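Please look over the sequence and the structure shown below before reading on. The report that follows takes up charged pairs, strands and helices, nonpolar cores and aromatic rings in turn.

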Amino acid sequence: MSSLGSMRAKTVAAAAAAAALLLVVGCSSNDSTTGGSKKDGKVVITMGMYGVMGFKESGLLEQYEKEHPDVTIKAEIAGDEQTYYTALQTHLAAGDGLKDIQGIEIGRAREIAETRADKFADFSKAGGTDHFLPWKQSQITTEDGKVLGLGTDSGAMAVCYRKDYFEKAGLPTDRDKVSQLWAGDWKKYVDVGRTFKKNFQGGRVAYMDSVSGLFNAMVYGYSEQYYDEQGKLIYDKNPAVKEAWNLSADAADAGLSAKLRQFQPGWDPGLANGTFATAVCPAWMLSHISEKAGEQNKGKWDVAQAPKGANWGGSFLGVVNASPVKKEAQDLVAWLTAPEQQATIFKKLGNLPSSKEALDREDVKNVTSEYFSDAPIGQIFGAAAKEIPDKQILGRKDGAIKDTFTRGLVLVEQGTARDKAWNTTVERIGKAVG
C-alpha cells in the first residue's frame with residue numbers, strides 16, 4: 001500500500017502517526033530479544049503493530065486482560081508502516097528484538113510467506129479460524145499450506161461522491177441511482193465523468209481526484225494482477241493491467257482528473273476545498289476523507305457501490321516461532337481476529353472485517369456513517385467484500401510495482417503520451433524488481 005499497507009495505516013492513523021512515531025500501551029516498552037515471558041502463572045505477551053489497526057483504540061486489549069487476569073499485553077505501535085516493516089525485517093534477520101505478535105501489512109504478506117515462513121507460527125490447524133473471506137487467508141499461506149497469520153481488516157472498495165456536485169451536473173444524487181449509473185463496468189464510471197464535465201455548473205471542479213485511484217480499483221478486482229499463480233511477473237503482459245491503464249489514460253486525456261495523488265501533498269487540501277467530485281474509496285479511507293474534508297462538508301459526501309468488487313489494503317497478525325509464549329500469543333491472535341472483535345473495531349473505527357461471519361452480523365450490516373449522509377456502509381462495503389474474487393494473488397514487490405504505475409499515470413495526467421508513459425513505467429519496474 002505505499003505499500004498498500006502504509007496507505008491503510010495512514011487513514012485513521014494520521015493524527016496518531018503525526019503525534020508519535022511510537023506509542024506504548026499497557027506497561028512499559030519491551031526491548032527483550034525474546035518477546036514476552038511466563039512465570040508463576042503470569043503471562044506477558046508483546047505485540048508490534050503500526051498505524052491504527054484498532055486493537056488498542058477499540059479497547060480490545062484491555063478487555064482481553066480483564067477476561068484473562070493472568071495475562072498482560074504490551075503493545076508497541078509505530079505510526080509509519082514503512083518504518084515498522086524495515087525494523088521488522090532487521091529483527092527477523094537477526095533473530096533479535098521481535099515481539100511475540102507482529103502485524104503484517106497485505107503488501108508484505110507474500111514476501112513474508114516466500115522468505116520468512118520459518119520465522120512464523122503456523123495457524124493452519126488452529127480451531128475456530130475458518131470464518132474468513134475465501135481470499136483473505138490465501139494471501140499469507142505458503143505453497144506447502146502453512147498459514148502464517150490471521151486476517152484483521154480488509155479494503156473492499158466503493159465510490160465516494162459529492163451529492164451537491166452531482167446535482168449541479170444534472171446527475172442523480174440518490175446513492176442507489178448513482179450506483180446504477182456505473183453498475184458492472186468501470187468504463188461507465190468514466191462515461192459519467194464525461195457527462196459531469198460537460199454539464200457541471202458551479203466552477204472548476206474535477207470529476208475524480210486521480211486516475212491512479214481508478215487504475216488500482218480495476219487492477220485489484222482481478223485474481224491475477226502483477227504476478228501469476230506461479231510467482232512469475234506478468235505486470236507488462238496481463239490484459240487486466242493494460243485495460244486498467246488504457247481506461248485511466250482515457251480519463252486523463254478527457255480532463256476528468258484533478259491530477260492529485262491520494263495521500264500526497266495537495267490531496268488533503270483538495271478534500272477541504274472541494275476540488276473534485278468523486279474518489280474511489282476503500283472503507284478505511286472514509287475516516288481520512290471526513291477528517292480532511294472537515295465539518296463544512298459534512299453531509300455533502302455519500303457512498304455508492306463500485307462497479308466491481310476489489311480490495312485495497314488489509315493486514316494480518318502473525319506469531320513468531322521464537323516466542324516463549326507462542327501458544328498464549330496464538331490464542332490472543334485468534335481472539336482479536338474473531339468475528340465479534342472484528343465487528344467491534346468496524347463499529348468504533350470503520351476498519352472493515354475480513355471475516356465473512358463478521359460481515360454477516362446484523363450489527364455490522366446496520367452500521368451507517370453520519371458524515372457520509374447516513375450511508376449504510378456496513379451493507380455497501382460488506383457487499384463489495386463478497387464480490388472480490390476468491391483468489392487474490394500477491395507478489396513480493398506488489399507495493400513497488402503499484403507505486404511505479406501510479407507515477408506513470410501522473411506522467412499521462414501531465415501530458416505525456418500514454419504509450420511513452422507505459423514504456424517508461426515498464427522500464428522503471430524492470431529496473432526495480434528485475
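## Charged pairs

R361 is partly exposed, with a relative accessible area of 27%, where buried means under 20% relative accessible area, exposed over 50% and partly exposed in between, for a 1.4 Å probe and protein chains only. The side chain of R361 meets that of D363 in a salt bridge, at 2.8 Å from N to O, and D363 also counts as partly exposed, at 25% relative accessibility. A salt bridge here is a side-chain nitrogen of Lys or Arg within 4 Å of a carboxyl oxygen of Asp or Glu, and by this rule the count comes to 25 salt bridges. Salt bridges that share partners also join R110, E114 and R396 into one network.

The structure is a predicted model, in which local features need pLDDT of at least 70 and side-chain atom pairs count only at pLDDT 80 or more, while totals for chains, interfaces and linings use all residues. Residues are numbered from 1 along each chain as its sequence is written, and side-chain values use heavy atoms, with hydrogens and water left out.

Another salt bridge joins K386 to D360, with the closest N and O atoms 2.3 Å apart. Because K386 lies in helix α17 (residues 377-387) and D360 in the loop between α15 (356-359) and α16 (362-365), this pair ties together parts that are 26 residues apart in sequence. Helices (H or I, at least four residues) and strands (E, at least two) are DSSP runs, numbered from the N terminus.

## An enclosed strand and an enclosed helix

Strand β10 (residues 311-319) has nine of its nine residues buried, so it is largely enclosed by the rest of the structure. Strand β5 (residues 101-105) runs antiparallel to β10 and is joined to it by five bridges, two strands being paired if DSSP finds at least two bridges between them. Strand β6 (residues 150-162) is likewise antiparallel to β10, with four bridges. Within β10, S315 is the bridge partner of E105, and G314 is that of S154.

Helix α9 (residues 211-219) is also largely enclosed by the rest of the structure, because nine of its nine residues are buried. Its buried residues pack against β6, α8 (186-199), β7 (206-208), α10 (239-253), β8 (276-282) and α18 (398-413).

## Nonpolar cores

A nonpolar core is a set of buried Ala, Val, Leu, Ile, Met, Phe, Trp, Tyr and Cys residues joined through side-chain atoms within 4.5 Å. The largest has 88 residues, and those with the most contacts inside it are W186, Y189, F196, Y226, V303 and F405. Helix α10 gives the largest share of this core, seven residues. A second, separate core of 45 residues includes L61, V147, F316 and V325.

## Aromatic rings

A search of the whole structure finds 23 aromatic pairs, in which the ring centres of Phe, Tyr and Trp (its six-membered ring) lie within 6.5 Å, and planes under 30 degrees apart count as stacked, over 60 as edge-to-face and the rest as tilted. F196 and Y207 form a tilted pair, at 5.7 Å centre to centre and with 45 degrees between the planes. This pair links distant parts of the chain, F196 in helix α8 and Y207 in strand β7, eleven residues apart, and both residues are buried.

F276 and W301 form an edge-to-face pair, 6.4 Å centre to centre with 65 degrees between the planes. Since F276 lies in strand β8 and W301 in strand β9 (residues 301-305), the pair ties together parts that are 25 residues apart in sequence.

Note on methods: Contact means heavy atoms within 4.5 Å.
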